[in-house]
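Hi there,

Here is the structure I promised to pass on. Have a look at it first, and my notes follow below.

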Amino acid sequence: MSNGSPSPVSGFAAAWCIVIVWSFWLIVSRVANESGLTIYDLAAFRYGLASLIALPLCLYYKPWRTLSLFQIIVLSFILGPVYILIVFSGFLYAPAAHGGIFMNGVLPVISILFAIVLMRSLPSFRQVFGAVLILISAIALAWDASVSSEEGAWIGDLHFVIGAIFFSIYIILSERWNLGAMQIIFCGTIVNAVLYLPVWWLWLPSGLADAPIGPLLVQAVYQGFVPNLIGLLFIAHASRTIGNGNTSFILAAVPGGGAILGALILGENLNTISILALVTLTTGLLLSVRRHRR
């Protein structure tokens, strides 16, 4: 991830890698409740374990030297405990499949709205049409996934939408501030670990002591290292290389990836409505992706 002019191919590859990473994250998070861990434990894994790798790197590269105090505060908050606890709380109310649908399915729509309001950039007809198809397919998937008929599922869905807003802002900042890998690791991991871990250890409920060793290790490794280190770096590289618009649209493929992995790994069934919705989502995705002009 150099500071030169990386090939757009690497940007598209990074965006599709994060689709795979997040699709598996849905599966891992789907079984998190069975481990006995609380959402506060998962957040502690996300910041605490990742900081073990991030700390020596940050001490060597000193990324805070190239960031203003304002940038550190904003970026740390956007990637901080408020964001991740909102997302994890969503899984307490809504089916896990809704996470990918509402966190990633609405990213293109939020990206277009932010582009209009903040950048005064009007989307093309193809982008609008693609976003409409993606939104329709996301709604269809959400309706089809609501077979559990949980009365509070809409609360979880609202949590996921708020999480999507947080992440859309992160994608935009990655491009506009031209954020590097160490800057993201420092704000997203080190700063939040310093702020969150003492609060978690002293006051927040934890199921760490009673969790079975197998599920505990799975959650610790995946929640601690994969999304917060590998995932954020891929997102930053993609947004700086192909733009936040293309990145957001590609991430809309996560609901489909999560549904396919759910069928293959967890044995979940994909009925006709789900298959049609996933085809529609993919069509909207292909229509919406455009070449990024640097």
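**Ser 35 and its surroundings**

The side chain of Ser 35 makes a polar contact with the backbone oxygen of Ala 32, at 2.5 Å. Please keep in mind that this is a predicted model. Ser 35 belongs to the loop that links helix H1 (8-30) to helix H2 (39-61). Is Ser 35 buried or exposed? With a relative accessible area of 1%, Ser 35 counts as buried because the cut-off is under 20%. Setting aside neighbours within four places in sequence, Ser 35 touches Ala 211, Pro 212, Pro 215 and Gln 219.

**Where H8 meets H10**

Helix H8 (residues 153-176) and helix H10 (residues 213-251) have axes that come within 8 Å and cross at roughly 115°. The crossing is left-handed. On the H8 side the contact includes Phe 167, Tyr 170 and Ile 171, and on the H10 side Leu 232, Ile 235 and Leu 251 are among the residues involved. By type, the residues of this contact are 8 nonpolar, 5 polar and 2 charged.

**The nonpolar core**

There are 88 residues in the largest nonpolar core, and those with the most contacts inside it are Trp 25, Phe 167, Tyr 170, Phe 186 and Leu 251. H10 gives the most to this core, with 14 residues. Not counting residues up to four places away in sequence, Phe 167 touches Trp 22, Tyr 83, Leu 232, Ile 235 and Leu 251.

Best wishes

Technical notes: Residues are numbered from 1 along each chain as its sequence is written. This is a predicted model: local features need pLDDT of at least 70, side-chain atom pairs count only at pLDDT 80 or more; totals for chains, interfaces and linings use all residues. Side-chain values use heavy atoms; hydrogens and water are left out. Axes are lines fitted to C-alpha atoms, for helices over the stretch in contact, and angles run from 0 to 180 degrees between N-to-C directions. Helices (H or I, at least four residues) and strands (E, at least two) are DSSP runs, numbered from the N terminus. A crossing is left-handed if the near helix is turned anticlockwise from the far one by less than a right angle, and right-handed if clockwise. Contact means heavy atoms within 4.5 Å. Ala, Val, Leu, Ile, Met, Phe, Trp, Tyr, Cys and Pro count as nonpolar, Asp, Glu, Lys and Arg as charged, and the others, Gly among them, as polar. A nonpolar core is a set of buried Ala, Val, Leu, Ile, Met, Phe, Trp, Tyr and Cys residues joined through side-chain atoms within 4.5 Å. Buried means under 20% relative accessible area, exposed over 50%, partly exposed in between (1.4 Å probe, protein chains only). A polar contact is a pair of N or O atoms within 3.5 Å; within protein, one must be able to donate a hydrogen and the other to accept it, and residues adjacent in sequence count only if both atoms are side-chain atoms.
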